[in-house]
Amino acid sequence: MILFAQLSDVHLDLGDRAAARAARVMEHLDGLPLDAVLVTGDIADHGEPAEYEQARKVLASRHQVLACPGNHDARGPFREVLLDEPPGDGPVNRAHEVAGAVFLMCDSTVPGEAHGFLDDETLAWLDENLAGNGDAPAFVCFHHPPVPLGAPYVDEIRQFGAERLARVVERHPRVAAVLCGHAHTAAATTFAGRPLLVAPGAVSTLVVPPRGGEVVDLAAPPGLAIHLLDDEGRLTTHYRTV
């Protein structure tokens, strides 16, 4: 059995509001018996090094924290400050083995753009990692949803080229689920025959269906997802606000 949490879209901007909301989520998660915490992108709001310094403090946890970038992130500072690596412009793809499962944190960002796309390098990396590591259950994680969610504001900047990703996922039965963020709403659907689970936003919540010109609700409490993969391979997700 593996129990892990997922949060997304904390948008840390050196201000107090986003930091306090993210800290509230992390304090809640530190009280749970988790195997890992996933942060599926938009960690910084402007991709500035100082925002990642803030993230190192706010997202610190007694649990292992796994992260991938979102469209508000910048690959260079993300690598240098969060991962303690030399800065670089290539995709930030990382594989982690935790509690008998594999988490493949993919970079779906397109530098300078709001939409997402998995480039050939990332897809080849994903395919190679899914082919290795035995038959442990695997979670494919990135920022942008690869399918429309029925929310026009988000759907226009979703992950495109998803049929390429679908071919990779379909080749590997060990994929237990696809996990993403970006939409600022808790959502569940399917992709390539697997569960596609979208974490809600920590900084704000998408208004679904839209009310007039209101796109996001800034007053709604921060949300998160708790995923449980049991010993029979059944995946259950609970969505919570804190």
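Predicted model: local features only at pLDDT ≥ 70, side-chain atom pairs only at ≥ 80, totals over all residues.
Residues are numbered from 1 along each chain as its sequence is written. Local features need pLDDT of at least 70, side-chain atom pairs count only at pLDDT 80 or more, totals for chains, interfaces and linings use all residues, and side-chain values use heavy atoms, leaving out hydrogens and water.

**Whole protein.** Show the cartoon. The protein has six helices and 15 strands; these are DSSP runs, helices being H or I of at least four residues and strands E of at least two, numbered from the N terminus. The C-alpha trace spans about 45 × 40 × 35 Å along its principal axes. Of the 242 residues, 53% are buried (under 20% relative accessible area, 1.4 Å probe, protein chains only).

**Helix α6.** Select residues 162–170. The buried residues here are A162, R164, L165, A166, V168 and V169. Their cover includes α4 (120–131), β9 (175–180) and β10 (187–191).

**Largest core.** A nonpolar core is a set of buried Ala, Val, Leu, Ile, Met, Phe, Trp, Tyr and Cys residues joined through side-chain atoms within 4.5 Å. The largest one has 30 residues. Select C106, L126, L130, V140, F142, L165 and F191, which have the most contacts inside it. Elements giving two or more residues include β5 (101–105) and β7 (138–141). The largest share, five residues, comes from α6.

**F191.** Select F191 next. Beyond residues up to four places away in sequence, F191 touches P146, V147, A162, L165, A166, V169, V178 and L196 (heavy atoms within 4.5 Å).

**Second core.** Finish at a separate core of 27 residues. Select L34, V92, A202 and L224, which are among them.

Terms used
Buried < 20%, exposed > 50% of the residue type's maximum accessible area, 1.4 Å probe, protein only.
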